[in-house]
Amino acid sequence: MRRLIVAITGASGTCYGIRALEMLREVGGFETHLVISPAGLRTAVEEDVGYDADEIRGLADVYHSHKDIGASIASGSFKCDGMLVAPCSVKTLSGIAHCYSNDLITRAADVCLKERRRVVLMVRETPLHAGHIALMDQATRNGAVIMPPVPGFYTQPKTIDDLINQTVGRALDLFDIDHPNVRRWKKGDPS
């Protein structure tokens with residue numbers, strides 16, 4: 001069974017992390033490990049995602065407290081495919097870019113990077129100033145993949161869920177996880 005760490009931080013767009021957990025369950029064959037920052041939980045409540053805190057935690061196979069630096073995912077000996085931070089706040093981006101592991105999210109990301117595992121950061125901020133861009137550059141040089149959740153309109157989305165599903169599906173593609181609902185570009189035919 002493959003393993004993937006999913007972190008939800010305090011940026012707007014907690015639906016991306018939640019949908020990633022749902023899609024991984026749909027695909028099957030994955031053990032999911034979830035970490036949510038306190039700001040991530042607050043944002044999920046503010047965004048009225050349709051789940052309470054316990055239900056969000058229940059979407060994962062294993063839930064880890066953001067404070068638990070001794071959790072299994074804080075060690076390089078924990079075998080996994082990598083980590084998806086969805087959404088990724090600028091605070092979390094900064095911690096990852098500067099190897100500042102002050103909580104389990106930044107520690108797990110740092111461990112994945114040092115072990116040369118994929119770390120995908122769905123950075124949610126706009127507009128960007130030079131400091132944000134410098135952080136993204138540094139995180140990329142550390143090995144992370146920056147993937148802002150930018151919608152693709154060639155798929156002709158009809159609903160917000162269509163946009164979320166396609167964006168999360170493309171993020172999962174970066175881990176070589178193929179969800180059947182991701183629409184692939186075909187010349188002359190977006191379906």
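Visitor: Which strands does helix α1 lie across, and at about what angle does α1 run to β1?

Guide: Before that, some ground rules: this is a predicted model, where local features need pLDDT of at least 70, side-chain atom pairs count only at pLDDT 80 or more, and totals for chains, interfaces and linings use all residues. Residues are numbered from 1 along each chain as its sequence is written, and side-chain values use heavy atoms, with hydrogens and water left out. Helices (DSSP runs of H or I, at least four residues) and strands (E, at least two) are numbered from the N terminus. Helix α1, residues 14–27, lies across β1 (2–8), β2 (30–36), β4 and β5, and with axes fitted to C-alpha atoms (for helices over the stretch in contact, angles from 0 to 180 degrees between N-to-C directions), its angle to β1 is about 160°.

Visitor: How many of the 14 residues of α1 are buried?

Guide: Buried means under 20% relative accessible area, exposed over 50%, and partly exposed in between, using a 1.4 Å probe and protein chains only. Among the buried residues of α1 are Tyr16, Ile18 and Leu21. The helix is mostly covered, and the count is ten.

Visitor: What is the handedness of the crossover from β1 through α1 to β2?

Guide: Strands pair if DSSP finds at least two bridges between them; β1 and β2 run parallel, joined by seven bridges. To judge the hand, point the strands away from you: a clockwise path from the first strand over the helix to the second is right-handed. This β-α-β crossover is right-handed.

Visitor: In what order do the six strands of the open sheet come?

Guide: The pairing is parallel. One piece of it is β1 with β4, over three bridges, and another is β4 (residues 82–88) with β5 (residues 118–123), over five bridges. The edge strands, each pairing on one side only, are β3 (62–64) and β6 (145–146). Read across, the order is β3-β2-β1-β4-β5-β6.

Visitor: Is Thr167 buried or exposed?

Guide: Thr167 sits in helix α7, residues 160–173. Contact means heavy atoms within 4.5 Å, and leaving out residues up to four places away in sequence, Thr167 touches several residues, including Tyr16 and Met122. Its relative accessibility is 6%, so Thr167 counts as buried.
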